[in-house]
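Trainee: Could you walk me through how to read a protein model?
Mentor: Gladly; let us look at it together and take one feature at a time.

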Amino acid sequence: MSERLGCRQVRRILQSFLDGELGEHDVELVAAHLESCTRCRVEADMYGRVIDAVRELRPDLDLAGYTRLVASVEDAMHPNGLRGDEPP
Ligand SMILES: [Zn+2]
């Protein structure tokens, strides 16, 4: 199978990926993308760090909601989306 995700698709489900909410198939697709895409890897790394830090400081916090908040702030900052190596 040569199914591949574009950067936008990866970023859309990145929070779920980090929250462990994705199915095995999607996890593999995202992991494969992160392996080949530095920009998304940096992004995932950043989310991961934020989540780890918040989890440590505020174990009572709803992290799924928090990561979605971060994602929507990112969307607002990049209204045109983050176009990386995705074909037009
Ligand atoms: Zn990417």
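**Reading the model step by step**

Mentor: Buried means under 20% relative accessible area, exposed means over 50%, and partly exposed lies in between, using a 1.4 Å probe and protein chains only. Before we go on, note that this is a predicted model, in which local features need pLDDT of at least 70 and side-chain atom pairs count only at pLDDT 80 or more, while totals for chains, interfaces and linings use all residues. Residues are numbered from 1 along each chain as its sequence is written, and side-chain values use heavy atoms, with hydrogens and water left out.

Trainee: Which helix holds Val30, and which residues does Val30 touch?
Mentor: Helices (H or I, at least four residues) and strands (E, at least two) are DSSP runs, numbered from the N terminus. Val30 belongs to helix 2. Contact means heavy atoms within 4.5 Å. Not counting residues up to four places away in sequence, Val30 touches Leu5, Val10, Ile13, Phe17 and Leu22. Take Phe17 from that list: its C-alpha atom is 7.6 Å from that of Val30, although the two are 13 residues apart along the chain.

Trainee: What does Phe17 touch?
Mentor: Phe17 sits in helix 1. Leaving out residues up to four places away in sequence, Phe17 touches Leu22, Val27, Val30, Ala31 and Leu34. For another pair, Phe17 and Ala44 are 27 residues apart in sequence, with 9.1 Å from C-alpha to C-alpha.

Trainee: How many helices and strands are in the protein chain?
Mentor: The protein chain has four helices and zero strands, so reading from the N terminus the elements run α-α-α-α.

Trainee: Which residues touch the most other members of the largest nonpolar core?
Mentor: A nonpolar core is a set of buried Ala, Val, Leu, Ile, Met, Phe, Trp, Tyr and Cys residues joined through side-chain atoms within 4.5 Å. Here the largest one has 14 residues, and those touching the most other members are Leu5, Val10, Leu14, Val30, Leu34, Cys40 and Tyr47. Two or more residues come from each of helix 1, helix 2, helix 3 (38-57) and helix 4 (63-77). Look at Tyr47 too: beyond four places in sequence, Tyr47 touches Leu14, Gln15, Leu18, Thr67, Val70, Ala71 and Glu74.

Trainee: What are the protein donors of the zinc ion?
Mentor: Donors are N, O and S atoms within 2.8 Å of the metal (3.2 Å for Na, K and Ca); water is not among the atoms, so sites may look incomplete. For this zinc ion, the protein donors are Cys7 (SG), His33 (NE2), Cys37 (SG) and Cys40 (SG), at 2.0 to 2.3 Å. Their spacing in sequence is C-x25-H-x3-C-x2-C. Cys7 lies in helix 1 (residues 7-19) and His33 in helix 2 (residues 24-36), so this pair ties together parts that are 26 residues apart in sequence.

Trainee: What is the geometry of the site of the zinc ion?
Mentor: Four donors count as tetrahedral if all angles lie between 85 and 135 degrees. The angles among the four donor atoms here are 103 to 114°, and the site is tetrahedral.

Trainee: What share of the residues in the protein chain is buried?
Mentor: Of the 88 residues in the protein chain, 32% are buried. As for contacts between residues at least 6 apart in sequence, 67% join residues at least 24 apart.

Key:
Tetrahedral: all angles 85-135°; square planar, octahedral: opposite > 155°, others 65-115°.
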